[in-house]
Amino acid sequence: MKFNNLLKLDQIRLNITAGSKKKVLQVISDIVAENYPEYNANKIFELLIERERLGSTGIAHGVALPHGRLPDCQEPIGIFISLAEGVDFDAIDQEPVKLLFALLVPENSTQEHLEILARLADFFRQDKNRQILENATSPETVYNLLINI
Amino acid sequence: MKILILGAGQVGSSLAENLASEDNDITVVDVDGRRLGVLQDRLDIRTVRGKGSHPDVLLKAGCDDADMLIAVTNSDETNMIACQVAYTIFHTPTKIARVRSNQYQIHPELFTHDALPVDVLISPEQLVTDYIKRLIEYPGALQVLDFAGGQVQLVAVRAFKGGPLLGHELQEIRKHMPNIDTRVAAIYRKGRPIIPKGDTIIEENDEVFFIVDRRNTRKVMSELRRVGKPFKRIMIAGGGNIGQRLARTLEGRLHVKIIEHNPANARMLSEELEKTIVLLGDVSDEELLIEENIEGTDVFCALTNDDEANIMSALLAKRLGARKVMALINRAAYVDLVESGEIDIAISPQEATIGSLLAHVRRGDVEMVHSLRKGAAEAIEAIAHGDKKTSKVVGRAVEDIPLLPGTTIGAIVRNGEVIIVHHDTVIESDDHVILFLVDKRHIIDVERLFQVAVTFI
């Protein structure tokens with residue numbers, strides 16, 4: 001799957017201020033609901049929280065990939081946000097998280113969705129990619145980088 | 001975790017103390033500034049003065065960033081409304097409320113997301129009552145704790161004369177009872193934990209913790225001590241909330257007497273309870289106890305809200321010939337004092353209550369937590385998720401799961417069936433896994449073990 005199918009320019013927000021993991025997940029849920037009015041922000045928030053309870057989606061180096069299965073959703077939805085200041089995400093390396101790529105997938109998630117997550121994890125593991133994203137000031141730059149993952 | 005506690009009373013204070021010692025970020029809210037001052041002098045917490053259900057107070061207390069709200073003020077209504085406010089205005093993920101009144105508790109439909117959004121209801125009085133009830137069901141047990149809805153029990157017993165296993169190696173339990181499986185999770189000898197192995201020899205006075213299918217609890221207990229006759233006659237000192245609940249639970253099967261000093265309360269009790277004999281009087285009145293056949297009493301439970309009165313009346317009852325005496329003791333220092341003395345069991349309401357809250361503080365999908373040995377040890381029921389790739393436990397034999405010394409996997413419950421684990425038992429997804437940790441500081445490792453990898457969808 002191409003990433004331009006799951007990510008639109010409007011689904012990228014930079015330099016967001018949010019003081020906690022909980023608040024960050026709320027921001028992500030709100031962005032989804034803004035772009036896809038058919039989904040309820042509270043429901044999305046609850047499913048992201050529920051997934052975090054089973055284990056943090058914070059991978060190392062200040063990156064988190066929160067995700068969940070969204071009932072009635074046909075195609076995966078991606079959201080990217082960067083934070084003005086890192087928040088505690090209970091990540092493996094305990095590093096505060098600054099970059100987040102959230103992914104919502106259909107209820108009957110498939111191997112394809114697993115691969116998306118794996119590709120994201122690989123992408124964010126590379127120092128140079130994180131550096132570009134952390135320093136980016138325009139959503140367009142970020143968009144052009146992310147759709148080519 | 002960022003946790004907001006509403007109410008700095010007995011329950012709120014002890015919660016704050018327990019949770020603050022575990023690297024949580026705690027804020028306590030109360031209308032009484034003096035109480036908050038006392039707490040803040042002792043603990044590394046933030047305090048906010050005000051009414052816990054008011055949105056502006058919750059905002060000031062940091063509810064917008066909080067992961068959990070625990071509403072334990074002395075008002076059921078304040079607690080319930082605080083959860084509503086937290087849900088509607090702040091989207092707080094986990095909302096816990098203490099609701100004492102039975103009038104609310106009997107209508108679970110009140111506590112749903114489209115009515116009152118309370119995720120977890122706690123009733124400390126009910127938890128303590130259940131705790132005492134289990135002790136009365138199993139004469140000789142020091143502790144009986146339920147897992148998996150009561151299918152599995154963790155039982156603490158002091159090994160005593162008459163137990164066939166005394167002086168023998170632990171592994172002989174298999175020979176004694178070939179059809180019964182159990183797992184000894186820990187042994188405390190002279191107050192210190194020893195890690196049990198097959199060749200560990202059980203000595204008199206060892207405190208043995210074993211994990212067992214509830215149907216076999218009595219049989220395993222009888223290996224460790226001569227199990228006395230079932231309790232028949234019980235005397236309860238104090239007709240408060242706990243005393244009344246306990247009397248109501250037991251009066252169908254046992255002879256129950258309850259002593260209450262307040263005439264109005266005593267009258268109310270005699271109207272509400274059916275078979276229980278209600279006695280108006282003082283719990284430490286020697287003559288009353290003798291008159292009411294304390295000598296023939298199997299269990300004397302001192303359950304007033306006064307620690308000193310409970311200790312003194314329990315001591316007196318023991319001296320006058322009661323077979324077993326229990327005392328409800330709030331102050332941790334007093335629990336230590338009476339532990340090795342005449343009083344058979346000191347019941348700490350904090351210890352009986354904290355576990356049900358810790359289950360929501362622990363990372364991973366944790367169903368139940370019991371705090372043991374004044375918080376030094378912990379027993380935990382966690383649900384395994386994922387597969388061999390995304391989980392560190394699923395698809396692995398118990399012997400291949402890296403556990404620190406003193407941490408034991410005792411049993412699993414799979415599709416409603418209890419399986420006592422052996423070294424080659426393989427954990428499957430959705431198994432409820434029951435672990436015992438001699439050292440609670442290792443809980444973080446257990447939490448990590450049960451958390452799924454990022455690639456779990």
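Analyst: In chain B, six strands make up an open sheet with parallel pairing, in the order 3-2-1-4-5-6. Strands (E, at least two residues) and helices (H or I, at least four) are DSSP runs numbered from the N terminus, and two strands pair if DSSP finds at least two bridges between them. Strand 3 (46–49) and strand 6 (120–122) of chain B each have a single partner strand, so they stand at the edges and one side of each lacks a neighbour in the sheet. From one strand to the next, the twist averages 15°.

This is a predicted model, in which local features need pLDDT of at least 70 and side-chain atom pairs count only at pLDDT 80 or more, while totals for chains, interfaces and linings use all residues. Residues are numbered from 1 along each chain as its sequence is written, and chains are lettered from A and ligands numbered from 1 in the order in which they are written. Chain B has an average pLDDT (the predictor's confidence in each residue, from 0 to 100) of 94, and 100% of its residues score at least 70. The model's ipTM is 0.90 and its pTM 0.91.

At the edge formed by strand 3 of chain B, the pairing partner is strand 2 (residues 25–30) of chain B, joined in the parallel sense over four bridges. Val29(B) has Val48(B), in strand 3 of chain B, as its bridge partner.

Helix 1 (residues 10–20) of chain B lies across strand 1 (2–6), strand 2, strand 4 (68–71) and strand 5 (94–98) of chain B. Relative to strand 2 of chain B, this helix runs at about 165°; axes are lines fitted to C-alpha atoms, for helices over the stretch in contact, and angles run from 0 to 180 degrees between N-to-C directions. Residues are in contact if their C-beta atoms, placed from the backbone, lie within 7 Å.

Elsewhere in chain B, helix 6 (residues 124–137) and helix 14 (residues 349–361) pack with axes 9 Å apart, at an angle of about 110°. The two helices of chain B, helix 6 and helix 14, are therefore roughly perpendicular (65 to 115 degrees). Pro124(B), Leu127(B), Val128(B) and Tyr131(B) of helix 6 meet Pro349(B), Ala352(B), Thr353(B) and Ser356(B) of helix 14.

Chain B also touches chain A: 17 residues of chain B are in contact with 25 residues of chain A.

Technical notes. Contact = placed C-beta atoms within 7 Å. Parallel < 35°, antiparallel > 145°, perpendicular 65-115°, else oblique.
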